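Hi everyone, thanks for coming. I'd like to walk you through a few spots in one structure, so let me put it up on the screen.

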Amino acid sequence: MSLFPRWREKTEGIVAPDERLPWPQTFAMGVQHVIAMFGATVLAPLLMGFDPNVAILMSGIGTLIFFAVVGGRVPSYLGSSFAFIGVVLTATGHAGGGPNPHLGVALGGIIACGALYTLIGLLVSATGTRWIERFMPPVVTGAVVAVIGLNLASVPVKNMAPTAFDTWMQAVTFLCVGAVAVFTRGMLQRLLILVGLVAATAIYAVLTNGLGLGQPIDLSRIAAAPWFGLPRFAAPEFSANAALLIAPVAIILVAENLGHLKAVSAMTGQDLDRYMGRAFIGDGLATMVSGASGGTGVTTYAENIGVMAATKIYSTAIFVVAALIAVVLGFSPKFGALIQSVPLAVMGGVSIVVFGLITVAGAKIWVDNRVDFSDNTNLIVAAVTLILGTGDFTLQLGQFKLGGIGTATFGAILLYALLRRR
């Protein structure tokens, strides 16, 4: 298997993983995928007290590692995983806000998680996918993918609209994205997230900077930020307690990655199961490299799968471009400041669209695999999983805390294993 696929150029219609648009359009699509992943990839490290510039840099490097391991056959972007937030905060005692003083302990646990994840990938590569699919059939993977979107829904709705004006701007933003998706054609339609974001930002600037209706856009940070600069790297510290607390997140990452792979397979019409072990290994190695450098644990990003679902462009070339852009952003405070100058409400409106697309991607797994909801096992597994994740159902046992995505993932796997034995 060659490292880089021989992408065939295609200018219209559905673009498969081994095809690509002309390079200028491929670059534009790469920018759109950076926009799609940026909000969550930056938000997760901020919540855990990590340096967001390191997280952006490691997301790009991790995506390139993943691309190399799967031979460029699986279209995916790797970004900061929200599944680590609860266990990292518990392991470090960090209350959120500002740098995490015990960052090294968390990094050691993240490396342990990546190692366990890599071992699972090696096992899948050696023994095949049948055993893992037995525990994670389409009803489980579809529910886990949908739950990720539903669990994240409260982030833009509750945390990214502090004023009534911002709430209205979120509505304007998703209307802009929707209008681009429905009423435009060609490249504009394929860049619906990016074009919708630019249009909404322009409207926001007119209403705030021009008419004084809300918090104006501050461009001073862009001017003050240097073009190039090193992010704040950090070294890991290994603690048995932190490792035991954080390493089990690998099971959640396996379920996420499996669900994402099934979603992409359904969207592209290609059987990607033979790359499942490689995908786990690539994600595991990327998580270890990220943890060793001061970054968060990473996972294949449903946000970018949502963009693929909307654009029908699955070319892996786009993700190489997006990864390289992220690496540049990681070393450029000025570019980071430019992206972060996008108004919070506008980013929130885009997030509503993207998280919704994630949820629908999970439902699409059910539809494409003809999941039978007249079967009470499937019905109960899906119903309970969706509510656990959406309601952020949290279990705590001593120092160990499992948040909504975790309880939904383990709940779906365990419920299916128990109920199918009837």
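Predicted model: local features only at pLDDT ≥ 70, side-chain atom pairs only at ≥ 80, totals over all residues.

Let's begin with the aromatics. Searching the whole structure turns up five aromatic pairs. Here is one of them: tryptophan 7 with tryptophan 23, an edge-to-face arrangement with 6.1 Å from centre to centre and 85° between the planes. Tryptophan 7 sits in the segment before β1 (8-9), while tryptophan 23 belongs to helix α1 (residues 23-48), so this pair links distant parts of the chain, 16 residues apart. How do the two partners compare in burial? Tryptophan 7 has a relative accessibility of 18%, and because the cut-off for buried is under 20%, tryptophan 7 counts as buried. Tryptophan 23, at 42% relative accessible area, is partly exposed.

Now to another pair, tyrosine 117 and phenylalanine 280. These rings are tilted, with 40° between their planes and 5.9 Å between their centres. Tyrosine 117 is in helix α4 and phenylalanine 280 is in helix α14 (residues 276-293), so the pair ties together parts of the chain that are 163 residues apart in sequence. Are these two buried or exposed? Tyrosine 117 counts as buried, with a relative accessibility of 0%, and phenylalanine 280 counts as buried too, at 1%.

Before we leave the aromatics, back to the tryptophans for a moment: Trp7 and Trp23 form one aromatic cluster together with Phe67.

Next, the threonine I promised. Threonine 118 is part of helix α4, which covers residues 103-127. With 10% relative accessibility, threonine 118 counts as buried. Where does its side chain reach? It comes to the backbone oxygen of glycine 114, at 2.8 Å. And if we set aside the neighbours within four places in sequence, threonine 118 is in contact with Ile281, Gly284, Leu285 and Met288.

Finally, let's go out to the surface. Which residues make up the nonpolar patch there? They are Trp227, Phe228, Val328, Phe335 and Leu338, and together they have about 530 Å² of accessible area. Let me pick out leucine 338, which is found in helix α17 (residues 333-340). Its relative accessibility is 43%, so leucine 338 counts as partly exposed.

Key
Residues numbered from 1 in each chain as written. Heavy atoms only, no water. Helix = DSSP H or I, 4+ residues; strand = E, 2+ residues; numbered from the N terminus. Buried < 20%, exposed > 50% of the residue type's maximum accessible area, 1.4 Å probe, protein only. Polar contact = N/O pair within 3.5 Å; in protein donor to acceptor, adjacent residues only side chain to side chain. Contact = heavy atoms within 4.5 Å. Patch = residues over 30% accessible without salt bridge, like charges linked within 9 Å, V, L, I, M, F, W, Y side chains within 5 Å. Areas by Shrake-Rupley, 256 points an atom, 1.4 Å probe, with all protein chains shown as cover. Salt bridge = Lys/Arg side-chain N within 4 Å of Asp/Glu carboxyl O. Phe/Tyr/Trp six-rings, centres within 6.5 Å; stacked < 30°, edge-to-face > 60°.
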